[in-house]
Every structure is written in C-alpha cells, then in structure tokens.
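Hi everyone, thanks for coming. I'd like to walk you through one structure today, so let me put it on the screen.

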Amino acid sequence: AQSVTQLGSHVSVSEGALVLLRCNYSSSVPPYLFWYVQYPNQGLQLLLKYTTGATLVKGINGFEAEFKKSETSFHLTKPSAHMSDAAEYFCAVSVSNSGNTPLVFGKGTRLSVIA
Amino acid sequence: DAGVIQSPRHEVTEMGQEVTLRCKPISGHNSLFWYRQTMMRGLELLIYFNNNVPIDDSGMPEDRFSAKMPNASFSTLKIQPSEPRDSAVYFCASRGSAYEQYFGPGTRLTVT
C-alpha cells in the first residue's frame, strides 16, 4: 500500500533562512507526487506536482521540490523564508496511475517563520 | 473558474440535530471527495465518488453519516443525529482528468 511520511510535525525557521520540509513515500508503482499548502482557516491549495519528466519541479511562491527515486523522497525547499510562508504543508502521493483513486496524504508539517 | 464551492462556511448546531453540508465541484470534474479535519486526527478521507457513483465509503465514521451525489454538480454530506465529537472542518475536493485534487474552503461545524 502507498504511504507518505512527513518528518517533523512542526518546523521553525527564521525569516530569510532556508526552508526544508521532508517527505518520503512508499509506492509499488511510479508515483505522482504533490505538495499542498493550507493557510489558517482555508482549504488546501496545490503548491506543485511531479508526474513525469524533470525531477526538479517549481511551484508557486518560490517553492520547489525534487523527486529522488533512489531515496523515495520528495522534499520541499525554498531558499529564503517569508513571514507569509507560515502555514501547514502536506505531501501527497497518487495511489495508482489510473487517476480514479484518492491521493494519499501525509500528516502535515506546520511551518513557523520567526522574525 | 469559481473553484470548489462549499456551503455553509460555518455551522453551529445542537447535539441531536441534523446537519447537511453542501458542495459544488469544479465544472467538468468527475471525481469528488469528502474529508474531515481535526487537530487530533488530521485530514481524513470520508468518502469519494467517481462519475456520481460512491466508490469507497470506508472512511465514514458511523451510520449517522451519509453522502449523496445526485448529479455531477452537487453533493451533500449529512450527519443525523449530530454529536459534539463531529465538530470539525469538513472539506470537499474535486478532480478532473489530471491527478491533483482541488479543495473547497471548508465548512467549520460546531456541535454543542
């Protein structure tokens, strides 16, 4: 069965520092991978996705993630944190390539940005 | 595109009352998902539909919960009777031909 593990339920960084949120997945088929962001009192918003092709994908708000098959990882990074990046971040994997089944989500990582 | 629309955005009700949450998916999307989010349990998938047909309702916590999708543009999640432990944020999401899911803004339910 497919699964997602997000290391660290809470990450705190200083404004201007590197953001690194970790995600490892388990999948028996080539995965499609996603990062979502949830701001307070809002729904989940797609940040970026990897399906095929280039393994380094860029998303909104300066975030990017790299698919590393050998490490079964899809870590999310941003070179310089802004106060507005404070939110909950979810990593997700597609269960199959049929497109008919739900995404499997990790438990989320709350990012705090300190001024 | 208006995105996924949910109503109401907030609902406060007394224990024992019936609660109906509504969702309008993005036009053209053929899959719809209902989730519940709490501090204790995080994000839980309750049920999902493909082409208006319920596929997996194993996440529905009890028989008090039911969901319908009478047509491609409307779905409801009903709780009857409601209990305080049902208090949560309920999200609806939809998906088209791509793999990503698009979430609505959620309904915050408080049962007193």
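**A walk across the two chains**

Let's start with Leu46(A), which is partly exposed, because its relative accessibility is 22% and the cut-off for buried is under 20%. Before going further, please keep in mind that this is a predicted model. Leu46(A) sits in strand 5 of chain A, residues 44-50. What does Leu46(A) touch, once its neighbours within four places in sequence are left aside? The list is Phe34(A), Trp35(A), Tyr36(A), Ile60(A) and, from the other chain, Glu100(B). For a sense of distance, Met83(A) is 37 residues from Leu46(A) in sequence, and their C-alpha atoms are 19 Å apart.

Glu100(B) brings us to the interface. Chain A and chain B bury about 1,600 Å² between them, with 54% of that on carbon and sulfur atoms. Which three residues supply more of the area that chain B buries than any other three? They are Tyr99(B), Glu100(B) and Phe103(B), and they supply 38% of it. As for the residues taking part, chain B gives 18 and chain A gives 21.

On the chain B side, the elements that give two or more residues are strand 4 (31-38), strand 5 and strand 9. Strand 5 of chain B gives the largest share, with four residues. Sorted by class, this side of chain B has ten nonpolar, four polar and four charged residues.

Next, the rings, for those of you who like aromatics. A search of the whole structure finds eleven aromatic pairs over all chains. Take Phe105(A) and Phe103(B): their ring centres are 5.9 Å apart and their planes are at 80°, so this pair is edge-to-face. Why does this pair join two chains? Because Phe105(A) lies in strand 10 of chain A (residues 103-105), while Phe103(B) lies in strand 10 of chain B (residues 102-103). Both Phe105(A) and Phe103(B) are buried.

Since Tyr35(B) belongs to strand 4 and Phe103(B) to strand 10 of chain B, the pair ties together parts 68 residues apart in sequence. Relative accessibility is 2% for Tyr35(B), so it counts as buried, and Phe103(B) is buried too, at 11%. Stepping back, one aromatic cluster takes in Tyr36(A), Phe105(A), Tyr35(B), Phe91(B) and Phe103(B).

Last stop, the backbone of chain B. There is a cis peptide bond from Ser7(B) to Pro8(B), with omega near -10°. Pro8(B) is in the loop between strand 1 (5-7) and strand 2 (10-13). Another cis bond joins Gln80(B) and Pro81(B), with omega about -5°, and Pro81(B) is in the loop between strand 8 (74-79) and strand 9 (88-95).

Then there are the positive phi angles on residues that are not glycine: about 50° at Asn51(B) and about 75° at Asn52(B). The loop between strand 5 (42-50) and strand 6 (53-56) holds Asn51(B), and Asn52(B) is found between strand 5 and strand 6 as well. Exposed or partly exposed? Asn51(B) is exposed, at 52% relative accessible area, whereas Asn52(B) is partly exposed, at 28%.

Conventions:
Residues numbered from 1 in each chain as written. Chains lettered and ligands numbered in written order. Predicted model: local features only at pLDDT ≥ 70, side-chain atom pairs only at ≥ 80, totals over all residues. Heavy atoms only, no water. Buried < 20%, exposed > 50% of the residue type's maximum accessible area, 1.4 Å probe, protein only. Contact = heavy atoms within 4.5 Å. Buried area = accessible area lost by both parts, 1.4 Å probe. Nonpolar A, V, L, I, M, F, W, Y, C, P; charged D, E, K, R; others polar. Phe/Tyr/Trp six-rings, centres within 6.5 Å; stacked < 30°, edge-to-face > 60°.
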